[in-house]
Amino acid sequence: VSASPETFESLDPATGEVVGTWPTDDADAVRAAVARAAASSWSTAGYPARRRALNAWRHEIARRCDELAALVHSENGKPVPDAMLEILVALDHLAWSGAHAARVLRGRRVRPGILALNHAAAVRHEPLGVVGVIGPWNYPVLTPMGSLCYALAAGNPVVYKPSEYTPGIGAWLVEAWRSAVPADLVEALQLVTGGAATGAALCRAGIAKLAFTGSESTGRRVMAQCAENLVPVLLECGGKDAAIVTEGADLDAAADAVLWGGLSNGGQTCLGIERVYVVGRAYEPFVAALTARAAKLTAGQDYGPITMPAQVAVIRRHVEQALARGARALTGGRVDTALVPPTVLVDVPLDAAAVQEETFGPTLTVTRVADDDEALRQANATPYGLGGAVFDRSGRRGARLAEGFRSGMVSVNSVMTFASVPGLPMGGVGASGFGRTHGPEGLLEFTRTKAVTRERVRLPLALSSFERTTNTDRLLRLLLKARHARG
Ligand code: NAD
């Protein structure tokens, strides 16, 4: 993806055609973008003005959704209806963050306690300053929006660097912002384009926080770069999500959901299901239902090509290694081009890459387990912990399994539903990262919590003063004993 050192191209993954040519922003350009964002009056504009601006942006994107969906199709490769679904969910988050920021971030009064009886105490949530957002290519509208709108709604100007594979979509979003938002607030959202070096420059450009969504390995580098200046980071990294299917599940509905969770977007979904653990005698009928459904899907039609050419080799390695170690492919099994067929693997050794590492392709491993405890043990046996799914008709067993997941999110009798509920926080455990986007926690993530006390009345006895009398000292000792000596 490069035309000259100063520019690079983004390509249509299905055809290889050039979608656009973009500047490779260097450290000076990134610092200038941060300075423009910092100079905007966004932080002091107040919640109503920010809400109006976010709504104007939302309406602009919605009015031009066909244009955006077509661009997502050409630059990322996913089918237009999938792009439309992604845009819809993103706009729901944009609406929620704008509507709820004032309430969630209102702050609260706190009881001052006996030692500060004559004071009022309160918590405030203040904007951080310029937030840097670095995004991936796989959900080029939804994943960045999860940081962009929550950071903006909390009062922070933002500098956004989209993935070098989908810069056109990032540029489109920022252009839509510029045409929708009033002139005095427009500089609050800035775009920078480029690859790793531009991203690294953003980490070092004097920002107040960096929100990163991408792979675990890049997440580590981003965190190290931010550590140089003690810039806090939010890391939304990869996953290896599992689904658990019990004998009590509606097996056909589970097969339908698991297939969508594993293969939609060509499996290039951080929250995608990559592993399925099926309890006891549910195994055969579930595998039969899953395989029958998978066999009806066609790569390039039901889902798009693999967006990032280098990922094809990763998927091939995972599938070939599994097959070489005794696994069977009930559908698919060959990875030749960016159009990877639906691939259902069984009998995969538990330490194989296909079970342990993020495959990011349209593949599922299905494993029989003896009981719920083994299902959870296996499901939790990777370093990742992003989402997960449980299929069981009885409320209590499903809830118990959901509780046992070591992950940031879990859905019962569906896949990935939590990502479309704007009020629910989203984020990972372990190698999947930390910090939360979405929901109230997603707003709080982009604020600085400040504690404030205010003296209401002056008391004759001061505990923290060099003027303290021996009587006060005696009282202090009595107070200590009275409050803490007895249970
Ligand atoms: P990636 O890590 O290759 O790139 C992500 C972004 O980081 C890109 O914009 C890239 O230019 C930038 N980058 C690369 N090196 C950098 C550096 N040294 N400093 C700063 N920025 C740098 O990831 P990707 O291939 O674009 O995306 C796929 C990955 O994202 C998968 O692992 C997927 O699971 C993950 N993902 C996670 C979530 C989530 O919410 N947890 C959502 C979507 C995708």
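Leu461 is partly exposed, because its relative accessibility is 34%, and the exposed class needs over 50%. This comes from a predicted model. Leu461 sits in the loop between β18 (447-455) and α16 (470-484).

Together with Val457, Leu459 and Leu475, Leu461 forms a nonpolar patch. The accessible area of these four residues together is about 310 Å².

**Aromatic pairs**

A pair of aromatic rings is described by the distance of the centres and the angle of the planes. The model holds 4 aromatic pairs. Among them is Trp57 with Trp177, an edge-to-face arrangement. Trp57 belongs to helix α2 (residues 47-63). Trp177 belongs to helix α6 (residues 167-180).

For both, the cut-off is under 20%.

Another pair joins Trp96 and Tyr150, and this one is tilted. Trp96 and Tyr150 are both buried.

| Pair | Geometry | Centre to centre | Angle between planes |
|---|---|---|---|
| Trp57 and Trp177 | edge-to-face | 5.2 Å | 90° |
| Trp96 and Tyr150 | tilted | 6.3 Å | 40° |

Why is the second pair called tilted? Its planes are 40° apart, so they fall between the stacked limit of under 30 degrees and the edge-to-face limit of over 60.

Trp57 and Trp177 also belong to an aromatic cluster, with Trp42 as the other member.

**Charges over rings**

Rings also pair with charged side chains here. Arg50 places its charged end over the ring of Tyr47, 4.7 Å from the ring centre. Lys78 lies over the face of Tyr139, and the distance to the ring centre is 3.9 Å.

**A buried loop serine**

Ser264 is found in the loop between α9 (251-263) and β11 (273-279). Which residues does Ser264 contact, leaving aside neighbours within four places in sequence? They are Leu259, Thr269 and Met416.

How values were computed. Residues are numbered from 1 along each chain as its sequence is written. This is a predicted model: local features need pLDDT of at least 70, side-chain atom pairs count only at pLDDT 80 or more; totals for chains, interfaces and linings use all residues. Side-chain values use heavy atoms; hydrogens and water are left out. Patches are made of residues with over 30% relative accessible area and no salt bridge: like charges are joined within 9 Å, nonpolar side chains (Val, Leu, Ile, Met, Phe, Trp, Tyr) within 5 Å. Accessible areas come from the Shrake-Rupley method with a 1.4 Å probe; for residues, only the protein chains shown count as cover. A salt bridge is a side-chain nitrogen of Lys or Arg within 4 Å of a carboxyl oxygen of Asp or Glu. Helices (H or I, at least four residues) and strands (E, at least two) are DSSP runs, numbered from the N terminus. Buried means under 20% relative accessible area, exposed over 50%, partly exposed in between (1.4 Å probe, protein chains only). Rings of Phe, Tyr and Trp (its six-membered ring) pair if their centres lie within 6.5 Å; planes under 30 degrees apart count as stacked, over 60 as edge-to-face and the rest as tilted. A charge sits over a ring if NZ of Lys or CZ of Arg is within 6 Å of the ring centre and within 35 degrees of the ring normal. Contact means heavy atoms within 4.5 Å.
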